[in-house]
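Could you walk me through this structure in the viewer, one selection at a time? I would like to know what to click on next and what is there.

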Amino acid sequence: MGYRALLFDLDGVIVSTEKNHFHAWKKTANHLGISFSEKDNEALKGVNRVDSLKHILALGKRIVPDEEFEALLHFKNEEYLSSIEDLCIKDLLPGVFDLLNLAKNKGFNIGLGSSSKNAPMILERLEIAAYFDVVIDGNGVTRPKPDPEVFLNGAKRLGLSPSECLVFEDAQSGIQAAKAGGFFAIGVGNPWLLGLADDYYNSLTEFSLERYA
Ligand code: BG6
Ligand code: MG
């Protein structure tokens, strides 16, 4: 197989912050009088902050002035941040810590490809920032997932081609981004990805790096 790098999504793959994003968006939507279910949220996984709010407003057939739009983005992020105040290394999803260590020991490059602007802060809080050779997050991307830019930038910064990198994703938009970029896309922890991803695991504890080395 000959892969040389692992590119990880953050929310839902490394840490279960997807539920925190959902609750913060639900509160924002309800504040606007828009109902927002966990099923609605599926379409927002991997989608950046601005596009997520546009999606929710479209759900409620609402248009808001620019100023209110900015205020809603701020409100959602404050809700989200206060819900992850206690985030720490214990919140790493099962299998993540072992996989990072194994990959490092075996000489794999490790990268992050996340839509979140909060990603660098979260890696610090989880005490895993030092494992990453490259971090591409929502602050450095012009075309969000499902565009492959975030992963293409990661591979480029590592000096590798997409065909040498495995991408780990929990979101449809992320799997689409990885596949559009020519990466091998591994779906994790989200049964909706069965059939979409190149390979699928319920949890990273089931993943065997030897199979891809
Ligand atoms: C993605 C999440 O990783 O980041 C989305 O899957 C989230 O749910 C998006 O909306 C943007 O995150 P942030 O932290 O920049 O608001
Ligand atoms: Mg995700």
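Start by selecting Glu127, in the loop between helix H6 (119-125) and strand S3. Helices (H or I, at least four residues) and strands (E, at least two) are DSSP runs, numbered from the N terminus. Glu127 has a positive phi, near 65°, and is not a glycine. Glu127 is also exposed, at 56% relative accessible area; exposed means over 50%, buried under 20%, and partly exposed in between (1.4 Å probe, protein chains only).

A word on what you are viewing: this is a predicted model, where local features need pLDDT of at least 70, side-chain atom pairs count only at pLDDT 80 or more, and totals for chains, interfaces and linings use all residues. Residues are numbered from 1 along each chain as its sequence is written, chains are lettered from A and ligands numbered from 1 in the order in which they are written, and side-chain values use heavy atoms, leaving out hydrogens and water.

Next, pick Lys61, in the loop between helix H3 (49-59) and helix H4 (66-83). Its phi is positive too, about 50°, and Lys61 is exposed, with a relative accessible area of 78%.

Now go to Pro146, in the loop between strand S3 (134-136) and helix H7 (149-158). The peptide bond joining Lys145 and Pro146 is cis, with omega about 15°. Most peptide bonds are trans, and most residues other than glycine have a negative phi.

Asp9 is buried at 4% relative accessible area, and Asp11 is buried at 7%.
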